[in-house]
Amino acid sequence: MTRFTFPPSIASRPVWGTLLPRKGTAFLMIADAEGAEALIDLAKAAPDLMAAADVVYLPKGTGTRFSDALRAAGPGTLYIGPSFDAAEPRIKRMLADARMGLQIFLTGTEGLMGRAMALALAAGTPVDAIQTEHRGSVARRMQCVHCKGFTEDVMTDPFVCAHCGLNLFVRDHYSRRFGAYQGVCVDAEDPGVIPPQKELYS
Amino acid sequence: MSAGTSKIAVRVADVIKVNDLVTRFRFVRRDGREMPTFSGGAHTVVEMKDGDRTRLNPYSLMSDPADRSAYSISVRRDDVGRGGSLFMHQKVKPGDEMVISYPVNLFSLDLRASKHLMLAGGIGITPFLAQIKQLGHAGGNFELHYSVRTAALGSYVDELTAAHPDRVHVYYDDRKQAIDLARLLDGQPLGTHIYVCGPKGMIDWVHKTARAHGWPESAVHSEEFLAPQSGKPFSVELARSAKTITVGEHESLLEAIEAAGVEAPYLCRGGACGQCETDVLAHEGTFIHNDHWLTEDQRKGCKKIMPCVSRFDGRRLVLDR
Amino acid sequence: MTIQFNDETFTGDYTFRNSPRAIRRFPFPFHEDSYMYAVNLEPHLPGPKGSAFEHRFDVDEHYLSEMKDRARVLADDPLRCQSLPHMDLAGWDTLELIMTSKAEDYPDLFELHRDGDRWRWINRPMGIDDTFTFLDKTTLPYGPLEYITRQTQGDYAILDQRENDLWMDAGMVTTQADWSLDFDIGMSFMQWHAPVPLAHQLGVFDRALKFLLNLQQGAPVRRLNWTMTVNPNLDTSPENYHKWGPEKTTLTPENVGQKQHLRVELQTLWRLPRSNAMLFPIRGYLIRLEDIVTVPKWGRRLHRVLRDLPVELATYKGFIRNRPMIVEYLSQFDDGAPTSPGCFPD
């Protein structure tokens, strides 16, 4: 299953949409893992748009499961990279050259969409020029409010901060600047009392 | 609870004819103190005491926002309007005492912009004059495209082109020159914001063309003050104050409410800010909504009216005032 | 008026105390015996002489110690003061507003001399005498917002106004009721208020935002907010939650009157003229329960408010675990007599 209906939440939590063809003068698509399927769906609806698009794709453990089909969808350019960290300088470079009229399409995990959107916003892209669609894993990118380190692909609540080692609970409070949810010490008031780990949305 | 509208008692220091249609007014404080600073794009509401009538019209501040000695506005004469601009042109003289509001900005620069692309038509130049001075102090990146009817009616063209020869582009209607918007929209750096002020047709054209070129709404800013329209007189019951008033042909509903001594909130008096939104308690007839504020659903719901610009045609209207 | 400044701490040995005068002028926030969210904004006009509302920016006996505490927190975590790049002008607006207000309201403590853009600022209590060029931040030791708010009590958020919304794009936040500027910077009005329970459903934020978008230059408004804090700790930040959180478990029926504090925020909102942004000062006041009950009306009322507060609010305000002990303590001071309307002592 690559689609997931998120339960209603607080006002800072992003509501992901569905990618739709839009008028523009340039098109940048960034996807990871199952996000490729959303791009392929978009290409079916608007092959011309895909032919004009620059696509950055991070298979993230899905190997070639989607990459061949994505290539066959006929993107203008296609970069397939091993990780977001590896692709980040390239994405920044593309945004530095970009002009108004650019339309951005982000799809895949929340972590991918969050990080790519943060880069796009920092480069001056108007927020309403960015579309999103969630596909695949429901893992979250979390920031530890204590040490400020980011832990990627968090699947449980609570979890252990990959940087400072504190046990953190998963909040729905979300920062678009960081592209991350907030993680807060779960045993601050009763040190050592850690509730049992639960899978997110279980 | 309503946002306050602080007033400033001023004296008219200068009245200067800019051209056949436009006159500039300079106001200084009567108490000798400094004017408040303001942000480029702000307007002030000028109270005009014309016999037993009081009109309140908004005008963009065009002076340097950092200059605290005086405020300047430019007023274009409108021979067929409700008379506010004619009053300013014909009756206001240097030395007159007037009252103006504190500055209010509904057309402010987005200071995040990598570039400010300004499009002005005619008297729509005035907010840009202040914004350009503000950006000048901060070394901001701007470009102005200014469309005028003729050289003779091109208010402030000379001073703008002298101060910013590389940034200001002027287009003359009578020479068949026009802003090539499609070309302008192409290739602007990410983070560019567009600002347009001018006639309604120009504003609609800019929004529509920008949309077609993939510019999102949040990057396109416009300011259009709607002058209240004249229309058939109608009567209104003010439920809370237990008064029945008649709105005259050349009077706005808001002005009629005020003339009856009933306090009503306002800021822009041009249908843009939402401050004067008033609940409708009962009605038999048709609303003539002229504002930019109410949504289509609210208009259909017939429960709200913006008395600064909107009117009514029918047998009975009861407002919560 | 001369203020006797305290030498006291807000951490470690917690030597913070309120003098009898400070207790009398405490901005008690409850005007009736119950509490629920409301858009309780009123014009920020000068209040009674000697009250916390007398001046635009209140300076009290805790001034020097609070500024020392702020410097300590910033040295530990410089991310508590941040300003997105487009907020420079709003920072200067803030500096101008605070300097001109304080120099007019406290001429014995502060002086501002302006000669065009050449400004000289004298802060007598802190021993500062600086000359700088207005709008040129290379002439100040910090950015304008940080410079002036290292010399002014209370937290500061600056809200940029665009797209019919307010964006928290700059701030100085070291005395907060458990929220993080570093995380919330850049958020819209609804986004940064997202964690607040109940108020969204009541429509409080919709009405408040609509009102604030039309806030006028020269017409600031104020409201009071409150929470509960164990020990007089100004820096109850999420960043340090694992450090101050355990202190909540140190309350006993014997020490609750001394250790449990009511924290009141005097929040004001100002339209900033040059940037069209909005300044949102959040000035915190702390008071021990045992000092509150010296005003009989306050003791009775606080007991009733805390006893009857909805569980969601007691949880959000962080005292749900200690509520029974707090209510038990306060009940000794509530004889059931009726209280007079309004916040001030009888």
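What share of the contacts in chain A with a separation of 6 or more comes from residues 24 or more positions apart?

Mentor: Keep in mind that this is a predicted model. In chain A, 65% of the contacts with a separation of 6 or more join residues 24 or more positions apart. The secondary structure of chain A consists of five helices and 12 strands. Of its 202 residues, 54% are buried. The C-alpha trace of chain A spans about 60 × 35 × 30 Å along its principal axes.

Buried residues account for 55% of the 321 residues in chain B. Among contacts in chain B with a separation of 6 or more, 68% come from residues 24 or more positions apart.

Now the interface of chain B with chain A. Here 15 residues of chain B touch 16 residues of chain A, counted as contacts. The buried area is about 1,100 Å², and carbon and sulfur atoms give 62% of it. On the chain B side, B:Leu190, B:Gly214 and B:Pro216 lose the most area to chain A. Together these three make up 48% of what that side buries. The rule finds seven residue pairs in polar contact across this interface, both residues at pLDDT 80 or more. By class, the chain B side has seven nonpolar, seven polar and one charged residues. Salt bridges between chain B and chain A number zero by the rule.

Next, the interface of chain C with chain A. Each chain contributes to the contact: 24 residues from chain C and 24 residues from chain A. Between them, chain C and chain A bury about 1,900 Å². Carbon and sulfur atoms carry 60% of that area. The rule finds six salt bridges across this interface. One of them pairs C:Arg321 with A:Asp190, with the closest N and O atoms 3.1 Å apart. There are also 11 residue pairs in polar contact between chain C and chain A, both residues at pLDDT 80 or more. On the chain C side, the elements that give two or more residues are α5 (181–184), α6 and α8 (241–244) of chain C. That side has 11 nonpolar, eight polar and five charged residues.

Helix α7 of chain C covers residues 204–213. Seven of its 10 residues are buried, so the helix is largely enclosed by the rest of the structure. The buried residues of α7(C) are C:Val204, C:Phe205, C:Ala208, C:Leu209, C:Phe211, C:Leu212 and C:Leu213. They pack against several strands of chain C: β6 (155–162), β7 (165–172), β9 (221–230), β10 (260–271) and β11 (278–288). They also pack against helix α6 (189–192) of chain C.

Terms used. Residues are numbered from 1 along each chain as its sequence is written. Chains are lettered from A and ligands numbered from 1 in the order in which they are written. This is a predicted model: local features need pLDDT of at least 70, side-chain atom pairs count only at pLDDT 80 or more; totals for chains, interfaces and linings use all residues. Side-chain values use heavy atoms; hydrogens and water are left out. Buried means under 20% relative accessible area, exposed over 50%, partly exposed in between (1.4 Å probe, protein chains only). Helices (H or I, at least four residues) and strands (E, at least two) are DSSP runs, numbered from the N terminus. Contact means heavy atoms within 4.5 Å. Buried area is the accessible area (1.4 Å probe) that two parts lose on being put together, summed over both. A salt bridge is a side-chain nitrogen of Lys or Arg within 4 Å of a carboxyl oxygen of Asp or Glu. A polar contact is a pair of N or O atoms within 3.5 Å; within protein, one must be able to donate a hydrogen and the other to accept it, and residues adjacent in sequence count only if both atoms are side-chain atoms. Ala, Val, Leu, Ile, Met, Phe, Trp, Tyr, Cys and Pro count as nonpolar, Asp, Glu, Lys and Arg as charged, and the others, Gly among them, as polar.
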